[in-house]
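User: Please take a close look at one helix-helix contact here. Then place it among the other features worth checking.

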Amino acid sequence: MLHGRAREQAQIERLLEGARNGHSGTLVMRGPAGIGKSALLEYAAGRAAGMRVLRGVGIESEAALPFAALHLLLRTGLDRIHALPDPQAAALRGALGLGDAPPESRFLVGLATLSLLSELAGDGALLCLIDDAQWFDQASTDALVFAARRLEADGIAMIFAARPDFPAPGLGELWLGGLDGTAAAALLPADLPPQVRERLIQESDGNPLALIELPAALSPEQRAGRLSPVGAMPVADRVQAAFHAQMAELPEHARTALLIAAAGGSGELATLVAAGASLPGLEAAERSRLIEISGSMVGFRHPLIRAAAYHSASVSRRLAVHRALADALTSSTAPDAADRRTWHLAAAALGPDEDVAEQLEEAAGRARTRGGHAAMAAAYERAAELTADPVRRSARLAAAALAASDAGLMRRAAALADSATPDVDDPTMILALTQVRAHREFELGTPLAAGRIIMDTVPRVAAHATEQAHWLLVEAVRCAWFAGDPRLAEQAAAKLHALPGSPLASQAIGLTRLLRGDIPGGIKLISEVLDLPALAGLGVPGLTFTAAVCLPAGRAARCEEITGRVVAECQQSGMIGWLAFALQDHGFAQGLLGSYGEALATLDAGLRLATELGHEHRVTHLTSCIAWVLAHQADVPGCREKAEEGVRRADDQGLVLAASIGRWALGRLELGLGHPDAALRQLAAIPPTGIGVLCAADQIEAAVRSDQPERAKEPLERYLTWARHVGQPASDAIALRCRALVEQDEAHFVAAVRVHESGDQPYEQARTRLAYGEWLRRARRRADARAQLRGALEIFDRLGAELWAGRARAELRATGDVPAAPRRAGDPLSVLTPQEREVVRLAAGGASNRDIGAQLFLSPRTVGYHLYKAFPKLGITSRSQLAAIVRSSSIDC
């Protein structure tokens with residue numbers, strides 16, 4: 001019976017009932033040791049009638065073994081791996097040591113975990129109980145948290161029990177505190193004197209395990225009420241002391257058996273006996289309720305018992321036990337025996353030991369083949385600690401830092417990199433350390449700091465490795481672009497001039513010229529290489545850089561094309577960090593082309609990934625991009641909230657590009673609302689170089705409409721220069737519109753409308769027709785105005801640009817016309833949520849639920865659920881009707 005946990009029990013009941021009804025849910029129970037987390041897990045297991053139950057537990061000594069905890073959780077369902085899509089099945093087999101192929105990414109393993117859990121749930125419900133999650137290896141944690149965030153319509157309930165510091169952002173939480181006085185008293189022996197009961201309740205702070213175990217540690221005099229003052233001591237320490245006292249009463253062979261079991265970690269009875277744990281000793285410990293023996297496995301009744309058994313022994317005894325366990329594992333055929341043996345040898349090492357360090361390097365190599373980057377980092381780090389030679393030690397620290405960075409542990413990666421000797425000469429090591437430090441600064445600090453780290457290192461790399469130095473300099477320019485810093489860009493560009501040329505170098509130097517205000521020179525260099533066949537041979541990083549420079553070159557369609565390829569390649573190969581980057585530029589390009597529904601879905605997917613990766617820079621940039629798309633739609637509060645959040649974060653982090661996009665979003669929003677003064681304040685705050693040229697057209701209109709034409713002069717000159725050198729129909733038409741607004745010359749309006757016909761930006765075409773219609777109405781040419789305004793309204797409606805469609809309707813009413821009711825006739829998918837829209841788009845192309853799930857990181861059952869929700873919204877009853885619906889949409893699918 002659980003005392004004082006009615007609220008927590010009710011929450012678990014709701015979670016289980018939801019799973020039985022097909023709705024998934026996750027709960028992370030947090031609290032200190034002994035607070036009752038494990039008891040609540042047992043309660044959940046007891047209430048899971050009709051559900052399949054999977055159980056896993058974290059073991060502190062196994063935290064360096066990749067996917068050990070995941071294997072324990074899934075072991076009874078591994079016979080269903082074959083039902084997963086082939087890439088996922090191969091990834092999961094590789095991660096769990098069941099196959100030779102290494103997983104392509106930790107996120108692919110997470111997706112495979114999600115699919116397998118969904119498969120195991122079948123048509124019923126599944127309960128996953130995970131105890132001591134804080135001691136899960138990082139690879140298992142990543143996979144399970146990834147899956148937990150994507151549980152929707154799978155009928156799965158997942159409950160984690162963990163200490164307060166377990167990282168699981170985005171999952172529902174339940175914090176456990178101490179029991180109240182009444183519940184606490186119910187756990188104490190009835191024969192204790194009142195003053196002793198009150199003292200124990202006070203000292204335990206309501207901790208259930210302390211209330212149960214502390215009375216057993218009282219002496220007869222203390223039980224009778226003769227208590228002396230006790231100094232302040234954490235409850236866990238008190239309980240551990242009680243376990244120490246209980247162990248002290250055991251015979252020597254039982255204490256030895258407990259120590260071996262505590263050090264062993266895996267709980268395999270055969271291994272413990274081979275290491276010296278006697279069966280009589282284990283049986284004595286079991287009779288004392290300190291351990292539980294089930295079949296061939298030995299488990300501790302509570303983690304604090306394990307800690308007490310280990311730390312109560314002397315250092316010499318602990319070292320001897322680790323050596324004995326290493327010897328016992330020598331002949332084991334278990335897949336992870338070699339890794340366990342190596343870690344026991346490392347635990348037994350008192351000082352530098354090159355032989356053990358080399359074995360740890362081998363363990364790191366095995367972790368790499370299974371995608372266990374966090375385990376790789378731990379192995380390399382411990383190898384470095386056992387290394388006497390400073391150069392070799394730094395090489396191992398560099399390897400640990402790279403592995404930690406690949407695992408997404410950027411702060412740890414930077415700390416490891418900083419621990420390496422600063423004066424190493426190996427260019428490969430220098431490059432690795434530089435990439436780690438710069439990556440950390442780019443995503444968690446500022447791009448400017450990242451660029452300076454790179455520039456400080458380039459001379460040492462260039463002396464030995466020209467190609468690596470070339471890429472570092474391109475990266476430095478990219479950092480300068482995001483930070484809006486022309487000086488850093490010029491320093492990098494000057495060094496690039498001295499190296500052999502390439503398309504990436506031309507792009508980087510072109511961006512540098514744009515940053516310093518040289519529009520003709522910058523556009524010329526960028527435009528010359530954007531369509532070269534050589535670009536096809538660039539990898540994902542190079543293509544991502546190329547896509548980014550397409551935007552300031554006025555090539556939004558080219559950006560969308562390139563990023564579409566990069567997104568597909570990243571999804572296939574599992575390059576998730578780059579995928580978040582590619583989704584950012586892909587979504588923004590879709591927005592520039594007027595595909596707002598697709599843009600929101602793309603950017604939202606990127607934001608979810610960036611949040612999971614902990615890439616604060618990317619989160620900020622994507623937030624601003626989402627605000628920019630929302631500026632065209634009717635969600636004014638949502639746009640304002642996102643834009644203000646993005647600008648605030650960007651200003652704090654020195655992210656000039658992200659701040660500019662956020663301010664552009666606010667400026668365009670205010671223009672759409674008919675507030676030109678407010679729009680001008682936002683747009684004028686954007687630096688004129690870099691992306692400032694793209695928003696100059698809005699700044700010109702805001703200046704004209706706020707009766708401050710003098711403030712339109714500089715942005716007009718800037719935009720006309722840019723459009724002239726870009727030479728794209730859309731930018732030429734916008735330039736004509738800007739001149740028409742400033743000069744009030746109808747000929748420019750007429751020419752702009754004509755040029756737009758061959759452009760690729762329908763939103764800008766509608767903006768031009770709206771501006772022309774407003775000009776005609778003020779000139780009292782109502783019939784002519786109506787023609788332009790109706791054309792603008794039709795495009796805005798078709799695109800879903802509700803805010804601007806509202807402006808066009810208001811203008812039409814002012815001409816005496818009665819416009820049609822708001823509609824999005826050209827986009828039947830507008831009734832769907834962003835996620836439903838993506839699912840429908842892929843299903844219409846013939847993709848199966850499993851294929852769609854693999855692309856969108858969803859389970860097949862959740863894909864089916866989204867289709868189930870989408871069909872009635874679209875007015876259809878079968879999958880075969882989707883293609884016709886999507887074809888009728890104005891969005892090219």
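Analyst: Start with helix H44 (residues 849–856) and helix H45 (residues 860–874), which pack at an angle of about 105 degrees, axes 8 Å apart. Axes here are lines fitted to C-alpha atoms, for helices over the stretch in contact, and angles run from 0 to 180 degrees between N-to-C directions. H44 and H45 are therefore roughly perpendicular to each other. The scale is this: under 35 degrees is roughly parallel, over 145 roughly antiparallel, 65 to 115 roughly perpendicular, and the rest oblique. H44 contributes Asn849, Arg850, Ile852 and Gly853 to the contact, and H45 contributes Pro860, Val863, Gly864 and Leu867. Contact means heavy atoms within 4.5 Å. By class, the H44–H45 contact holds four nonpolar, three polar and one charged residues. Nonpolar covers Ala, Val, Leu, Ile, Met, Phe, Trp, Tyr, Cys and Pro; charged covers Asp, Glu, Lys and Arg; the others, Gly among them, are polar.

Some ground rules. The model is predicted: local features need pLDDT of at least 70 and side-chain atom pairs count only at pLDDT 80 or more, while totals for chains, interfaces and linings use all residues. Residues are numbered from 1 along each chain as its sequence is written, and side-chain values use heavy atoms, with hydrogens and water left out. Helices (H or I, at least four residues) and strands (E, at least two) are DSSP runs, numbered from the N terminus.

Now the aromatic pairs. The structure holds 14 of them. Rings of Phe, Tyr and Trp (its six-membered ring) pair if their centres lie within 6.5 Å; planes under 30 degrees apart are stacked, over 60 edge-to-face, and the rest tilted. The ring centres of Tyr763 and Phe796 are 6.1 Å apart and the planes stand at 55 degrees, so this pair is tilted. It links distant parts of the chain: Tyr763 sits in helix H40 (residues 762–778) and Phe796 in helix H41 (residues 782–799), 33 residues apart. Tyr763 counts as buried at 2% relative accessibility, and Phe796 does so at 0%. Buried means under 20% relative accessible area, exposed over 50%, partly exposed in between (1.4 Å probe, protein chains only). Elsewhere, Phe442, Phe482, Trp578 and Phe581 form one aromatic cluster.

Ile734 lies in helix H38 (residues 729–743) and is buried at 5% relative accessibility. Beyond its neighbours within four places in sequence, Ile734 touches Ala697, Tyr719, His756 and Glu764. The C-alpha atoms of Met410 and Leu613 are separated by 9.5 Å, although the residues are 203 apart along the chain. Leu613 is also one of the contacts of Met410 outside four places in sequence, a list that includes His439, Arg440 and Glu443.

Then the sheet. Five strands form an open sheet in the order S2-S3-S4-S1-S5, with parallel pairing. Strand S2 (52–57) and strand S5 (173–175) are at the edges with a single partner strand each, so one side of each lacks a neighbour in the sheet. Neighbouring strands are turned by 15 degrees against each other on average, direction ignored. Two strands pair if DSSP finds at least two bridges between them. Strand S1 (residues 25–30) and strand S4 (residues 156–162) run parallel, joined by six bridges. In this pairing Leu27 stands opposite Ile159, and Arg30 opposite Ala162. Helix H1 (residues 6–20) packs on the sheet, touching S1, strand S3 (126–131), S4 and S5, and its direction makes about 150 degrees with that of S4. Helix H2 (residues 37–46) packs on the sheet too, touching S1, S2, S3 and S4, at about 165 degrees to S3.

S3 pairs with S4 over five bridges, in the parallel sense. Phe160 is the bridge partner of Ile130 there. S4 is mostly covered, with seven of its seven residues buried. Ile156, Met158, Phe160 and Ala162 point one way; Ala157, Ile159 and Ala161 point the other.

Last, two loop residues with positive phi. Phe67 has phi near 65 degrees. It sits in the loop between S2 and helix H3 (68–74) and is buried at 1%. Asp707 has phi near 60 degrees. Its loop runs between helix H36 (696–705) and helix H37 (713–726). Asp707 is exposed, at 67%.
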